[in-house]
Amino acid sequence: MIQVIKQSFFKNSAKKYIKYIAALFVITIFHTALLDFIAIQEITPDLFIILVVWICLKEGTFFGLIAGFFIGIFFDVISADIVGTNALAKTIAAFITSFFYKEGNENKITKSYKFILIVLLVTFIHNIVYFFFYIKTSDQDFFLFYLKYGLASTVYTTFFSIFVFLFQIPSNRIKISSNYE
């Protein structure tokens with residue numbers, strides 16, 4: 001069992017893991033410095049969930065679950081949120097994403113429109129779990145609360161995943177014709 005864990009965890013080079021940590025650092029800076037400026041009616045995108053989906057689709061179930069848990073705990077700490085709510089929601093999101101992981105087809109999934117649809121589905125489920133802890137049943141109806149915060153956040157997060165998708169399109173797929181050739 002330990003051998004399987006070692007092989008799964010150390011499958012890729014440390015360079016790839018450093019890239020994920022750097023992405024987490026960049027998202028954290030963006031989240032703390034700029035997210036309030038792009039908020040719409042207190043609704044903000046969850047950029048961390050996009051990273052969790054990305055890692056799970058690239059690395060597989062085991063590493064994705066670990067990444068989802070640690071990114072969730074990290075997000076709980078930096079946002080002064082109830083510790084564990086994001087960890088639970090992002091671990092569940094990684095678990096759902098793992099159903100779409102196909103070994104050997106990592107780039108096909110992340111470089112197609114399927115990535116956007118996976119982010120939409122996973123963020124929808126993530127928000128159901130996350131916002132469940134914040135509803136006061138005596139004050140509001142969960143359905144109305146979820147429509148206002150959960151569904152709007154899902155759409156906003158999915159909108160930002162389109163930028164991640166577009167960022168991946170190789171420049172050789174974009175044809176620019178020139179009359180000077």
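A residue counts as buried here when its relative accessible area is under 20%, as exposed when it is over 50%, and as partly exposed in between (1.4 Å probe, protein chains only). The model is a predicted one, in which local features need pLDDT of at least 70, side-chain atom pairs count only at pLDDT 80 or more, and totals for chains, interfaces and linings use all residues. Residues are numbered from 1 along each chain as its sequence is written, and side-chain values use heavy atoms, with hydrogens and water left out.

Helices are DSSP runs of H or I with at least four residues, numbered from the N terminus. Helix α2 takes up residues 14–34, 21 residues in total, and its first and last C-alpha atoms are 30 Å apart. That is close to the 30 Å expected at 1.5 Å a residue, where the expected span is 1.5 Å times one less than the number of residues. Tyr 17, Tyr 20, Leu 24, Ile 27, Thr 28 and His 31 of α2 are buried. These residues sit on the same side of α2 because they cover an arc of only 105° around the axis, judged by the directions from the helix axis to the C-beta atoms. An α-helix has 3.6 residues a turn, so residues three or four places apart point the same way. The other side of α2 holds exposed residues: Lys 15, Ile 18, Lys 19, Phe 25 and Val 26.

Most residues other than glycine have a negative phi. Gln 41, though not a glycine, has a positive phi of about 50°, and Glu 42, also not a glycine, has one of about 70°. Gln 41 is exposed at 71% relative accessible area, and Glu 42 is exposed at 66%.

Helix α3 covers residues 47–59, and its end C-alpha atoms are 18 Å apart, in agreement with the span its 13 residues should have. This helix is mostly covered, with 13 of its 13 residues buried. Just after α3, Gly 60 has a positive phi of about 105°.

How do the helices pack? Axes are lines fitted to C-alpha atoms, for helices over the stretch in contact, and angles run from 0 to 180 degrees between N-to-C directions. The axes of α4 (residues 61–78) and α5 (residues 85–98) come within 7 Å and cross at roughly 155°. The two are therefore roughly antiparallel, the word for angles over 145 degrees.

Methods. Parallel < 35°, antiparallel > 145°, perpendicular 65-115°, else oblique.
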